[in-house]
Amino acid sequence: MSDVEEANTIEVSTVDRIATITLNRPDRRNAITRAMYVRLTEVFEGLATDPAVRVVVLRAEGEHFCSGNDIGDFASLAEWNRENPAPLRFVKAIASFPKAIVAGVQGYAVGVGATMLLHCDLVYVAEDAQFTYPFTKLGLVPEAGSSLLLPMLLGRVRAAELMLLGEPVSADRAVALGLANGRVTGADLQAHIQAQAERLVALPPEALRQTKKLYAHQDLESLMARIDAEVVVFTERLQSPEVMEAMTAFLQKRDPDFSSFS
Ligand code: COA
C-alpha cells in the first residue's frame with residue numbers, strides 16, 4: 001500500500017455537526033502506519049478549530065478496533081521519532097483535543113489502539129472488546145501518556161498489572177475499571193455511539209468545551225511532559241535487542257524468547 005492509500009484508510013465525514021473518524025484498514029486489524037498517523041493528526045488538528053464540528057465519533061471498520069502501531073513500521077520508527085515524530089504529533093493532537101470524543105470499540109484495542117482511548121471522553125465497548133497494553137511483551141514502554149493516566153485512573157497496582165504483565169482487559173472489566181462507560185452488543189455499538197454524540201451536540205457547545213477543559217486539560221503541561229518523556233525511552237527501546245526479538249517473533253508467528261537477556 002502506498003502512503004496515500006494508507007492515509008485514505010482514515011475516513012472522515014461530518015453530518016449535523018458530528019464528525020466521524022473511521023479507521024478502515026481491517027485486513028491489518030486497523031494497525032496504524034506512519035502515513036495514517038500523519039493523516040490522523042491533520043484530521044484532529046483540523047476538527048479542533050472547525051466551527052462546523054461540535055463532537056467527534058471515533059470508530060473502526062472490521063472485527064477489531066485497532067491493533068496498534070503497524071509492526072512493519074517499527075524498523076523505521078526510531079529514525080522518524082527523532083526527525084519528524086508522526087505518532088507523537090498524533091498523540092498530542094488527540095490528548096489536547098478541545099471537543100468531546102465518543103469512541104466505539106469492538107474486538108481488540110492494542111497498544112496505541114488502547115491508549116488513544118484514554119484521551120476520549122465517552123467510550124463504549126462491544127461485548128467482545130479487549131484492551132491490551134502489551135508494551136513490555138514487545139520490549140517497549142507505555143506511550144500516549146498511559147504511564148500517567150492509567151495509574152491515575154486505576155491506582156498503581158491495577159495499572160501495573162495491565163502495563164507490566166500486559167493483561168488483556170475484557171469489555172466488562174473495562175467498564176468496571178472505568179476505562180469504558182458501558183457495554184452494548186456489537187450490533188448496537190454504532191447506533192449507541194451515534195446517539196450519545198447526538199445528545200452531546202444538542203448541548204451548549206461552549207459549556208461542553210469549557211467542561212472538558214476543566215476535567216481533562218487542567219494539567220495538560222504535565223501530560224505533555226509525560227508523553228515526551230515516554231517517547232524518549234520508547235525510541236531508545238526500539239533499537240534494543242529485546243524489541244528485535246519481539247518483532248521478529250511476531251513476524252515469524254512464534255513466541256518470543258527473552259531468556260538470553262540480562
Ligand atoms: N501491524 C502490522 N500488521 C498487523 C498488526 C500490526 N500491529 N496486527 C495484525 N497485523 C496483520 C497480521 O500480521 C496479519 O497479516 P497476514 O494476514 O499477512 O498474516 C493480519 O494483520 C491479521 O492479523 P491476525 O493476527 O491474523 O489477526 P487476528 O484476528 O487473529 O488477531 C490481533 C488480531 C490484534 C490480536 C493480532 O493481530 C495481534 O496481536 N496483532 C499485534 C498487536 C500488537 O502487538 N501491536 C503492537 C502494539 S505497540
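For the residue classes used in these legends, Ala, Val, Leu, Ile, Met, Phe, Trp, Tyr, Cys and Pro count as nonpolar, Asp, Glu, Lys and Arg as charged, and the others, Gly among them, as polar. The model shown in every view is predicted.

**View 1. The second largest cavity, with its lining residues.** About 40 Å³ of space lies in this second largest cavity. Its lining is formed by Arg54, Lys99, Ala100, Pro205, Leu208 and Arg209. Three of the lining residues come from helix α10 (residues 205–216), which provides the largest share. By class, the lining of the second largest cavity comprises three nonpolar and three charged residues, with no polar ones.

**View 2. The largest cavity, with the residues nearest its centre.** The structure holds two cavities of 30 Å³ or more, and the largest contains about 140 Å³ of space. A total of 13 residues line the largest cavity; Pro87, Leu88, Glu143, Val231 and Phe234 lie nearest its centre. The lining receives at least two residues from each of the helices α3 (74–83), α4 (86–95) and α11 (220–238). In the lining of the largest cavity, nine residues are nonpolar, three are polar and one is charged.

View 3. The ligand takes up the space of the largest pocket. Around the ligand there are 15 residues, of which Arg29, Ser67, Asn69, Ile71 and Lys253 come nearest. This shell divides by class into seven nonpolar, three polar and five charged residues.

View 4. At isoleucine 71, a backbone N or O atom is placed 2.8 Å from a nitrogen atom of the ligand. Arginine 28 takes part through its side chain, in which an N or O atom lies 3.2 Å from an oxygen atom of the ligand. At aspartate 27, a polar backbone atom is 3.4 Å from an oxygen atom of the ligand. On its own, the ligand has 880 Å² of accessible area, and the protein covers 70% of this area.

Key
Residues numbered from 1 in each chain as written. Predicted model: local features only at pLDDT ≥ 70, side-chain atom pairs only at ≥ 80, totals over all residues. Heavy atoms only, no water. 1 Å grid on protein atoms, 1.4 Å probe; cavity = no way out; pocket = protein on both sides within 12 Å on 5 of 7 lines; lining within 4 Å. Points joined across faces, edges and corners; volume = space filled by probe spheres on them. Helix = DSSP H or I, 4+ residues; strand = E, 2+ residues; numbered from the N terminus. Near = heavy atom within 4 Å. Polar contact = N/O pair within 3.5 Å; in protein donor to acceptor, adjacent residues only side chain to side chain. Areas by Shrake-Rupley, 256 points an atom, 1.4 Å probe, with all protein chains shown as cover. Sits in = over half its atoms within 2 Å of the grid points.
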